[in-house]
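Q: I am new to this structure and would like a close look at a single part of it. Please take the surroundings of one side chain and go through them with care.

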Amino acid sequence: SSYASVDKEACIACGSCNAAAPDIFDFDTDGIAEVIYEGDNNRGITMIKQEMQDDLQDAIESCPTNCIKLAQVPFS
Ligand code: F3S
(Lines give C-alpha, C1' and ligand atoms only; values in the text may rest on other atoms or scores of the structure.)
Protein backbone atom coordinates (compact mmCIF):
# COMPACT_ATOMS: atom_id res chain seq x y z
CA SER A 1 0.00 0.00 0.00
CA SER A 2 1.12 3.55 -0.56
CA TYR A 3 0.05 7.18 -0.69
CA ALA A 4 0.74 9.71 -3.43
CA SER A 5 0.58 13.44 -3.94
CA VAL A 6 1.73 15.75 -6.74
CA ASP A 7 4.12 18.58 -5.91
CA LYS A 8 2.11 21.02 -8.00
CA GLU A 9 4.85 23.67 -7.90
CA ALA A 10 7.12 21.30 -9.81
CA CYS A 11 4.56 19.86 -12.24
CA ILE A 12 4.99 21.11 -15.81
CA ALA A 13 1.62 19.76 -16.97
CA CYS A 14 3.16 17.22 -19.31
CA GLY A 15 0.25 14.84 -18.87
CA SER A 16 2.16 11.57 -18.63
CA CYS A 17 0.83 10.63 -15.22
CA ASN A 18 -2.78 10.83 -16.36
CA ALA A 19 -1.97 8.76 -19.44
CA ALA A 20 -0.37 6.07 -17.27
CA ALA A 21 -2.85 6.14 -14.40
CA PRO A 22 -6.07 7.97 -15.26
CA ASP A 23 -7.82 6.65 -12.16
CA ILE A 24 -5.21 8.27 -9.93
CA PHE A 25 -4.19 11.50 -11.70
CA ASP A 26 -6.22 14.21 -13.36
CA PHE A 27 -5.64 17.91 -14.03
CA ASP A 28 -6.81 21.09 -12.38
CA THR A 29 -8.10 24.01 -14.46
CA ASP A 30 -4.50 25.12 -15.13
CA GLY A 31 -3.56 21.68 -16.46
CA ILE A 32 -1.47 20.88 -13.40
CA ALA A 33 -1.77 17.30 -12.18
CA GLU A 34 -3.32 16.26 -8.92
CA VAL A 35 -4.27 13.01 -7.23
CA ILE A 36 -7.99 12.50 -7.72
CA TYR A 37 -8.09 8.88 -6.53
CA GLU A 38 -11.12 8.15 -4.35
CA GLY A 39 -11.66 11.87 -3.75
CA ASP A 40 -8.18 12.38 -2.32
CA ASN A 41 -7.96 15.91 -3.74
CA ASN A 42 -4.13 15.68 -3.80
CA ARG A 43 -3.94 15.43 -0.02
CA GLY A 44 -2.04 12.15 -0.17
CA ILE A 45 -4.15 10.60 2.56
CA THR A 46 -6.00 7.94 0.57
CA MET A 47 -4.37 4.52 0.48
CA ILE A 48 -3.87 3.46 -3.13
CA LYS A 49 -4.92 -0.13 -3.51
CA GLN A 50 -2.55 -2.91 -4.47
CA GLU A 51 -4.13 -3.45 -7.87
CA MET A 52 -3.33 0.17 -8.78
CA GLN A 53 0.35 -0.01 -7.89
CA ASP A 54 1.59 -0.89 -11.38
CA ASP A 55 -0.22 2.10 -12.88
CA LEU A 56 1.09 4.31 -10.08
CA GLN A 57 4.66 3.15 -10.65
CA ASP A 58 4.34 3.76 -14.39
CA ALA A 59 3.11 7.30 -13.70
CA ILE A 60 5.97 8.03 -11.31
CA GLU A 61 8.54 6.76 -13.78
CA SER A 62 6.96 8.75 -16.62
CA CYS A 63 7.05 12.09 -14.82
CA PRO A 64 9.87 14.25 -16.25
CA THR A 65 10.20 16.41 -13.13
CA ASN A 66 9.84 13.66 -10.52
CA CYS A 67 7.12 15.66 -8.83
CA ILE A 68 4.90 12.73 -7.88
CA LYS A 69 5.64 12.10 -4.22
CA LEU A 70 5.18 8.63 -2.80
CA ALA A 71 5.03 7.55 0.83
CA GLN A 72 4.15 4.50 2.88
CA VAL A 73 2.18 6.59 5.36
CA PRO A 74 -0.39 9.36 4.78
CA PHE A 75 1.11 12.78 4.01
CA SER A 76 -0.71 14.69 6.69
FE1 F3S B 1 2.92 16.90 -13.98
FE2 F3S B 1 4.59 14.94 -13.85
FE3 F3S B 1 2.08 14.48 -14.31
S4 F3S B 1 4.98 16.89 -14.80
S5 F3S B 1 1.37 16.26 -15.42
S6 F3S B 1 2.92 15.29 -12.46
S7 F3S B 1 3.76 13.41 -15.22
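Is Lys-8 buried, partly exposed or exposed?

A: The model is predicted, so local features need pLDDT of at least 70 and side-chain atom pairs count only at pLDDT 80 or more, whereas totals for chains, interfaces and linings use all residues. Residues are numbered from 1 along each chain as its sequence is written, and side-chain values use heavy atoms, with hydrogens and water left out.

Lys-8 is partly exposed, at 30% relative accessibility, where buried means under 20% relative accessible area, exposed over 50%, and partly exposed in between (1.4 Å probe, protein chains only). Lys-8 forms a salt bridge with Glu-34, their closest N and O atoms being 2.7 Å apart; the term stands for a side-chain nitrogen of Lys or Arg within 4 Å of a carboxyl oxygen of Asp or Glu. Because Glu-34 lies in strand E3 and Lys-8 in the loop between E1 and H1, this pair ties together parts that are 26 residues apart in sequence; helices (H or I, at least four residues) and strands (E, at least two) are DSSP runs, numbered from the N terminus. Glu-34 is buried, with a relative accessible area of 16%.

A salt bridge also joins the side chains of Lys-8 and Asp-28, at 2.9 Å from N to O. Asp-28 sits in the loop between strand E2 (25–27) and E3, and Lys-8 in the loop between E1 and helix H1 (16–20), so parts 20 residues apart in sequence are tied together. Asp-28 counts as partly exposed, at 21% relative accessibility.
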